[in-house]
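Dear colleague,

Please find below the sequence and the structure that I am handing over to you. My notes on what was found follow directly after them.

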Amino acid sequence: MAELLSPDLRGCTYFFLYDGSKVKEEGDATREGICYFYPEETPMDKQELLCGQLAGVARCVSELSSSSVRVLRLRRNKYAIRRKDDFLWALGSSVDVPTISVCELLDQLIDLFCFYNGSVRQSYQRNSREVLAMRWAQYLSHLQAGSSELHHIFSCLKTIDATNVDPLLLLKAALILQACQRCPLVLVGCILFRGRVVSTQMSPNLTMKVMVHESETYNKAHKPNGPSTSSSSGGTVSSITVFLTMSELQYLQSTPVDKGFKFHSTPHKDTIPKKTRLSRTLSDTPSTDSEPSDAGSTHSSQKVSFSPCLSASDNVFSPDPSENTTDLLHPPMQSQCPLSNGKSSHDAEEDESFYHSFHTNGGGMSQIGDSSGLEENSHLNGACGTVFDFRAAECGNEESHDHKVGEDSRRGSGGSAHGCSGATNSHNESPLVPMTLYLHRVKGLVLVLLVEPHFLSDTASMEEVYHSSLAALNGLEAHLRTIIPGPPGVQVPYVFAHFDCTQSTMTSNLSGRPGATHERPFVRATSLLHSHFCNTETLQEAIIRSAGAAVYGTRSVAQETYFLQHGGSLRNSGIPNHQDSAFTLPTKARHRLLKHGVNLL
Amino acid sequence: MTTKTSLLKVILLGDGGVGKSSIMNRYVTNKFDAHLFHTIGVEFLNKDLEVDGHQVTLQIWDTAGQERFRSLRTPFYRGSDCCLLTFSVDDNQSFLNLGNWKKEFIYYADVKEPEKFPFVVLGNKVDVTERQVSTEEAQQWCQENGDYPYYETSAKDATNVAVAFEEAVRRVLAMDERTDHLIPTDTVKLHRKPRSAATCCS
């Protein structure tokens, strides 16, 4: 019964990838175009029906409106739709799931695939559908697994529960990552413990991607991409090829933290003895430029730059006044641009428009205006593609731009041997640059580093990174493993969820257990409010109530907070009057949440 | 006898900056990095070696010397087989603090017979020319406090580092022979800290 009343908000009911190029003629069977369909046991005629209908409608609508379709609604499901070249993806979910969450799930899924496999077209040229079906299934199950419904609603990262973790350990993790960056071939890193983020230098987007491989090796499910195990450093080190979009790469190159750190740590270890050390002492650290990833830290300028993606993607549906009732005609005009920003958001060019939007809350339209200029028809191309071409022109020939990009990414150190030829030669596809993911596991703890591909052949660098981090990783693992979950018992008369849009993390005092049915109303209310916030750019506070409870939601560009007070009086019915306990919620939330580190003042 | 590999836990204690991490790194990876940052909490490395026909895996625990890290490091003292009290010969205060380190260790490691526990004292940084602690002073302290072996080391130029660790191993093995057992790695240490509230996962 409970399931009927409140459907699972995390789930994807259908997902498929349809290749329109396989179905051109009247006689071509729809099934020829179905690259992958989930659930896989769906009867073929039903698969064909759904694919045919959605593909047809999507095409029809986009041709009529000369823009692409983002969301379609069919019966009790809503489908996020993405098209790229001849490919069409659709991810269906219950209509109760916020549209933004469905769209983000689909974007994440596609991003994941491209991250581990490169371009979709080439993947399907090189591999059989069966092999790639396993991967889609794997990414899908990863994205849906484990975390709470709230995590799915906000599409946020799973982080360790920091309430019982000494902040010094988070600092330790951040320092390990920085130490690894002393090797110029190491771009950025992140540290995960039991499938949760301890510290990351990557954008939330990128962090989300690298976590798949980690949890997969952690769960020992299978190794789809054939990660090679390095023999030199023991069986705990492995690596895998991944593909970055140009914008991701540019973001890595442009991160001021990264550069600043390297500037005074890499050059000459022997000749600059003092500064490096000073910057790493505890007392100095918070003020230096070199703390990218302490999970508890406030927003540094570096982190601010993530935010555009989120705030921009919040806009995705804002032009649409009635998300719940419109079926097919989802906002055509702007619908694509936020995707480009939302997903691959780290172009340098974007920063300005973002800062603009960041500081002018409620300027939804201007934001959209800003970003729509960047895009044409591929959510990964756009601005980054332009820059790419610019580089090419600068270099004078087609081949050297790869070289240059790689070189830049390592800040001019050493020669760049890798090429992107495999991934970049098609002009229809967004350029993807192969990089390497280096993983060093110590029991439940994993150090994930994004490194230049030739890092693996550079034995000296590998050994240096390995040895400089091993002791600290051992120690960190020992610390984290022995953390005793604090006293859970303190029963507080309220529930809250706090979503940090910048870091894409969530804090909550919900148990998140599947069986906790009494938490469902709060989750559903939160989901609804989140949806409203996404749809209405200028909305900042809202209260949603039933006869027995009221949930207060408030948001800024950087955060969203939801609060439910238990045991209120039963005045929450009928027309609100001044005694209505709902109206005391904002004050209560402000006071109560301060001790959780949530500042609503 | 030699087929069994014992896991020996040795722990480095001493003031911040005396070179505990450097000693460990020198011994295990034979590298010296002048720009290590302060250790936060604890770290450890394993090293296999053979001492007098015994195969041992030495698990060397490096700790944070600063007072502010005390609560992070002390839980890891338990189960240590040997304690290396470290000071820097160019820092008299670090030498004077040896007694405090010993006390802290005995308290948190819950050592049953402190007078029998194998301590080894290391005076590091002997490569530095301006010494504040003489060899005689250090030896005298060792003698008065329980006849601990004393080694003057330099992690920077690798002086005496391996010798000191081997001596630590010998001390532990000698203790074990007296109590007539070796602890094989596959046994469970019953006296380790119990995991409290392990059943409660919320």
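**Cysteines**

The closest cysteine sulfur to that of A:Cys60 belongs to A:Cys51 and lies 17 Å away, which is too far for a bond. Please bear in mind that this is a predicted model. A:Cys60 counts as partly exposed because its relative accessibility is 40%. In chain B, B:Cys83 is likewise in no disulfide, and its nearest cysteine sulfur, that of B:Cys82, is 7.0 Å away. B:Cys83 has a relative accessible area of 0%, so this residue is buried. Over all chains, a search of the whole structure finds zero disulfides.

In soluble globular proteins, nonpolar side chains tend to be buried together. The largest nonpolar core here has 65 residues, and those that touch the most other members are A:Ile191, A:Tyr438, A:Leu449, A:Phe455, B:Leu58 and B:Phe165. Helix H7 of chain A (residues 167-180) supplies the largest share of this core, namely ten residues. A second, separate core holds 58 residues, including A:Leu112, A:Leu206, A:Val433 and A:Met435.

For A:Tyr438, the contacts beyond four places in sequence include A:Val237, A:Ser238 and A:Ser239, as well as A:Leu449, A:Phe455 and A:Tyr466.

**A sheet in chain A**

Strands of a sheet pair through backbone hydrogen bonds, either parallel or antiparallel. In chain A, five strands form an open sheet with antiparallel pairing, in the order S13-S12-S16-S15-S14. Strand S13 (505-508) and strand S14 (541-545) of chain A are the edge strands, each pairing on one side only. On average, neighbouring strands of this sheet are turned by 15° against each other, direction ignored.

Strand S12 of chain A (residues 494-500) pairs with S13(A) in the antiparallel sense over four bridges. A:Phe499 stands opposite A:Met506 in S13(A). Helix H22 of chain A (residues 585-594) lies across S12, S14, S15 and S16 of chain A, and runs at about 105° to S16(A).

**A buried threonine**

Where does A:Thr526 lie? This residue is part of helix H21 of chain A, which spans residues 520-535. A:Thr526 counts as buried because its relative accessibility is 0%, and the limit for a buried residue is under 20%. The side chain of A:Thr526 reaches the backbone oxygen of A:Phe522 at 2.8 Å. Leaving aside residues up to four places away in sequence, A:Thr526 touches A:Leu150, A:Phe154 and A:Tyr562.

With kind regards

Notes. Residues numbered from 1 in each chain as written. Chains lettered and ligands numbered in written order. Predicted model: local features only at pLDDT ≥ 70, side-chain atom pairs only at ≥ 80, totals over all residues. Heavy atoms only, no water. Helix = DSSP H or I, 4+ residues; strand = E, 2+ residues; numbered from the N terminus. Buried < 20%, exposed > 50% of the residue type's maximum accessible area, 1.4 Å probe, protein only. Polar contact = N/O pair within 3.5 Å; in protein donor to acceptor, adjacent residues only side chain to side chain. Contact = heavy atoms within 4.5 Å. Core = buried A, V, L, I, M, F, W, Y, C linked by side-chain atoms within 4.5 Å. Pairing = 2+ DSSP bridges. Axes fitted to C-alpha atoms, helices over the stretch in contact; angles between N-to-C directions. Disulfide = S-S within 2.5 Å.
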